[in-house]
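Please look over the sequence and the model below before reading on.

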Amino acid sequence: MQASEKILEFKQVALSFGETEVLKNIDLSLDSGQFYTLLGPSGSGKSTILKLISGQLQPSAGQVVFDGKVINDLPAEKRRVNTVFQNYSLFPNMNVYDNVAFGPRLKKMAEPLIEEKVKEMLSLVKLSGYENRDINELSGGQQQRVAIARALANDPELLLLDEPLSALDYKLRKVLQTELRTIQRRLGITFVFVTHDQEEALAMSDWIFVMNDGVIQQQGTPEDIYDEPVNNFVANFIGESNIVPGIMKSDYLVHFVGKDFENVDAGMRPNEQVEVVLRPEDLDFTTPEEGKLVVTIKNQSFRGDYYEIMAQDDDLNIWQVQVTNPAKIGERVGLTFDPEDIHIMRYDESEEEFDARLEAYEEDNAEAAGSGEGTHESD
Ligand SMILES: Nc1ncnc2c1ncn2[C@@H]1O[C@H](COP(=O)(O)OP(=O)(O)OP(=O)(O)O)[C@@H](O)[C@H]1O
């Protein structure tokens, strides 16, 4: 199969359990040879999508298309799809070799070929020489490597990975993230990886589907999703964001924090209510005279390679700022940014809703500012 061919599509796929609609009109299109991630909070429907791909579940409506054929009713064992789970799901009474050889044996592959396959797979996951080990002699990370080898030994066209790294500690997770990506590139098969960890999704994926409430909120490259979130949910879920209400003065002029800024990429209509997103790393401090607005430093935490600072403007908006130098609690400073880093999102709501939200937002900010005071460790 060529790298750019479509391997899997969902066409208006929906799934309900009784009255509960868990997936709503999902459209997906996966090319062969890519690393895809389904990213979203718990309960957003990520595992359900995997189960529809693997054949554990059938859609209530719509079509699941694999290699150009509708496979809604194709039994799981007839699909060239394997899944790696968070809890490894290995056979504890078999050694490493027998676990990896399980699939090829079911397919009645000749034993010398199986031996070759197991050797190749164990080498791929860096477990050569572990053939005779019992599963319970292995660490969590090693067990997950065996689970990956066992899944890949079936020669799947699609490998599904359901939060495979969530049970591992932070350092090991990072190592396995890189290794999984290397394995995927080397084998050239399509991976569909599920996580609720945005950092993991950004680091690993060619393409991300951000999910919430059974709906794909946004899809795109990691850069697209981070730089151009389409709505409040995505902007908040992916990284940290400062989101403030604004209004378009014209199609290229946005008004917020009491000033007008040029933003030619916004593609919005004059007078349209919008939300303005500024990432904490795009903000900086300067003198009050030079600042685009004046803020008071309320709180700061040291994060290793940067300081995370909470500052409040005179309208009680809280701004999260990432800078390399510490600030002084209580000091009034200027807050500045490059207008090019302003990102604008459409806000679909009535004027009353907008006003009510604005009011609630200001109250929240006032509360947050109140609770943030005095919690700073060092001036
Ligand atoms: N068999 C079932 N019967 C009823 N509801 C279910 C069933 N399976 C899943 N759900 C519901 O479907 C929704 C989506 O579940 P799903 O497991 O796909 O979410 P998820 O995004 O993978 O979350 P998590 O990371 O917690 O697994 C949840 O609200 C869940 O309670």
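Helices (H or I, at least four residues) and strands (E, at least two residues) are DSSP runs, numbered from the N terminus. The model is a predicted one, in which local features need pLDDT of at least 70 and side-chain atom pairs count only at pLDDT 80 or more, while totals for chains, interfaces and linings use all residues. Residues are numbered from 1 along each chain as its sequence is written.

**Overall make-up**

- The chain holds 9 helices and 20 strands, and its C-alpha atoms fill a box of roughly 80 × 45 × 40 Å, taken along the principal axes.
- A residue is called buried if 20 or more other C-beta atoms, placed from the backbone, lie within 10 Å of its own, exposed if 12 or fewer do, and partly exposed in between; buried residues make up 34% of the 379 residues in the chain.
- Two residues are in contact if their C-beta atoms, placed from the backbone, lie within 7 Å, and residues 24 or more positions apart account for 66% of the chain's contacts with a separation of 6 or more.
- The UniProt record, an unreviewed entry, places the feature "domain: ABC transporter" at residues 8–238; UniProt positions are given in the numbering used here, feature names are shortened, and annotations may be inferred rather than shown by experiment.
- Residues 8–238 are 36% helix and 27% strand, and the end C-alpha atoms of this span lie 26 Å apart.

- Strand β11 (residues 242–248) is joined by 2 bridges to the antiparallel strand β12 (residues 253–256), where Val-254 is the bridge partner of Met-248.
- On β14, 6 bridges make the antiparallel link with β11, and Asn-242 stands opposite Leu-278 of β14.
- The antiparallel pairing of β14 with β20 runs over 4 bridges, with Arg-346 in β20 as the bridge partner of Val-274.
- Strand β14 (residues 273–278) is largely enclosed by the rest of the structure, because 5 of its 6 residues are buried.

**A strand with two unlike faces**

- In a regular strand the side chains alternate between the two faces of the sheet.
- Strand β15 (residues 283–286) has a covered face, Leu-283 and Phe-285, and an uncovered one, Asp-284 and Thr-286.
- Strand β15 pairs antiparallel with strand β19 (residues 332–337) over 4 bridges, and Leu-283 stands opposite Phe-337 in β19.

**Single residues**

- Gln-56 is found in the loop between α1 and β4 (61–66), and Gln-56 is exposed, with 12 other C-beta atoms within 10 Å.
- Leaving aside neighbours within four places in sequence, Gln-56 is in contact with Lys-51 and Ala-76.
- Ile-318 lies in strand β18 (residues 318–323) and counts as buried, with 21 C-beta neighbours inside 10 Å.
- Most residues other than glycine have a negative phi.
- Gln-12, in strand β1 (residues 6–17), has a positive phi near 50° and is exposed, with 12 other C-beta atoms within 10 Å.
- Val-257, in the loop between β12 and β13, has a positive phi of about 40° and is partly exposed, with 18 other C-beta atoms within 10 Å.

Notes:
Pairing = 2+ DSSP bridges.
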